[in-house]
Amino acid sequence: GDPSILVSSTDAINWTARTSISTTGRIYDVVFGNNRYIAGSGLQGFLFSSTDTITWELRTSGFGDIPSSGENTIISGLTFGNGLYVASGTRGVINVSTDSINWTLRTSGYNDRIFDLFYFNNQYIATTVHNEILTSTDSINWTPRDVGLKNIYKSAYFGGKYIFNEIYSSNLVTVEEISGGS
């Protein structure tokens with residue numbers, strides 16, 4: 001289907017396309033937190049929010065052209081944890097918000113694309129294009145971690161294990177602990 005259309009369901013069987021999002025870029029991630037859904041779009045760095053998954057509002061994200069590069073920011077990762085929405089994308093850009101309306105630009109110290117974000121066990125975890133994991137307890141200070149994986153794309157935490165998907169692959173890798181600097 002069209003990668004710029006969101007679909008929602010109340011029963012995970014019947015799905016309805018939601019057309020209130022207007023973007024030409026694909027939707028890379030959706031997160032729920034604090035009674036609000038946030039969707040991140042690639043290419044233009046658009047963020048949308050909704051309280052019901054039916055009506056979506058465009059939010060000023062602070063993403064967009066990356067200073068001095070002329071490159072658009074792709075929002076590829078979203079998470080919610082510790083009262084913060086956190087969005088990530090191109091050139092290690094991180095934006096945070098407590099309300100999904102006002103966003104504050106942060107830097108991860110990483111200079112390439114962050115693919116995915118999640119929050120678990122009081123830390124934000126980011127997967128990067130160059131096989132690193134970044135962790136942060138406050139969304140301000142980020143520490144690179146080496147978990148011995150390559151081509152990390154998407155991630156999750158379930159059943160006491162961190163689960164990583166390799167890009168361009170159906171391989172799933174599990175890790176029980178993320179520790180140590182690289």
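Let's start at Asn 121, which sits in the loop between β11 (114-120) and β12 (123-128); strands here are DSSP runs of E of at least two residues, and helices are H or I runs of at least four, numbered from the N terminus. Asn 121 is not a glycine, yet its phi is positive, near 55°. Because its relative accessibility is 55%, Asn 121 counts as exposed; the cut-offs are under 20% relative accessible area for buried and over 50% for exposed, with partly exposed in between, using a 1.4 Å probe and protein chains only.

A quick word on the model: it is predicted, so local features need pLDDT of at least 70 and side-chain atom pairs count only at pLDDT 80 or more, while totals for chains, interfaces and linings use all residues. Residues are numbered from 1 along each chain as its sequence is written, and side-chain values use heavy atoms, with hydrogens and water left out.

Now the strands on either side of that loop. β11 and β12 are antiparallel and share six bridges; two strands pair if DSSP finds at least two bridges between them. Tyr 119 has Tyr 124 as its bridge partner in β12. Both strands belong to an open sheet of four, in the order β11-β12-β13-β14, with antiparallel pairing. Which strands stand at the edges? They are β11 and β14 (143-145), each with a single partner strand, so one side of each has no neighbour in the sheet. On average, neighbouring strands of this sheet are turned by 25° against each other, direction ignored; the axes are lines fitted to C-alpha atoms, for helices over the stretch in contact, and angles run from 0 to 180 degrees between N-to-C directions.

Tyr 124 turns up again in the largest nonpolar core, which has eleven residues, including Leu 84, Ile 94, Leu 117 and Trp 142. By nonpolar core I mean buried Ala, Val, Leu, Ile, Met, Phe, Trp, Tyr and Cys residues joined through side-chain atoms within 4.5 Å. β8, β9, β11 and β12 each give this core at least two residues. Apart from it lies another core, of eight residues, among them Val 31, Leu 47, Tyr 85 and Trp 103.

What does Trp 142 touch, leaving out residues up to four places away in sequence? Its contacts (heavy atoms within 4.5 Å) include Ile 94, Thr 107, Tyr 124, Leu 134 and Ser 136.

Next, please look at Ser 100, in the loop between β9 (93-97) and β10 (104-107). Ser 100 also has a positive phi, of about 70°, although it is not a glycine. Is Ser 100 buried or exposed? Its relative accessibility is 0%, so it counts as buried.

On to β7 (residues 75-81): six of its seven residues are buried, so the strand is largely enclosed by the rest of the structure. Six bridges join β7 to the antiparallel β8 (residues 84-89), and Ile 75 stands opposite Gly 89. The two strands form a hairpin with two residues between them, and Asn 82 in the turn has a positive phi of about 55°.

There is also an open sheet of four strands ordered β3-β4-β5-β6, again with antiparallel pairing. Its edges are β3 (27-33) and β6 (57-59); each has a single partner strand, so one side of each is left without a neighbour in the sheet. β3 and β4 (residues 36-41) are joined by six bridges, and Val 31 has Ile 38 as its partner in β4.
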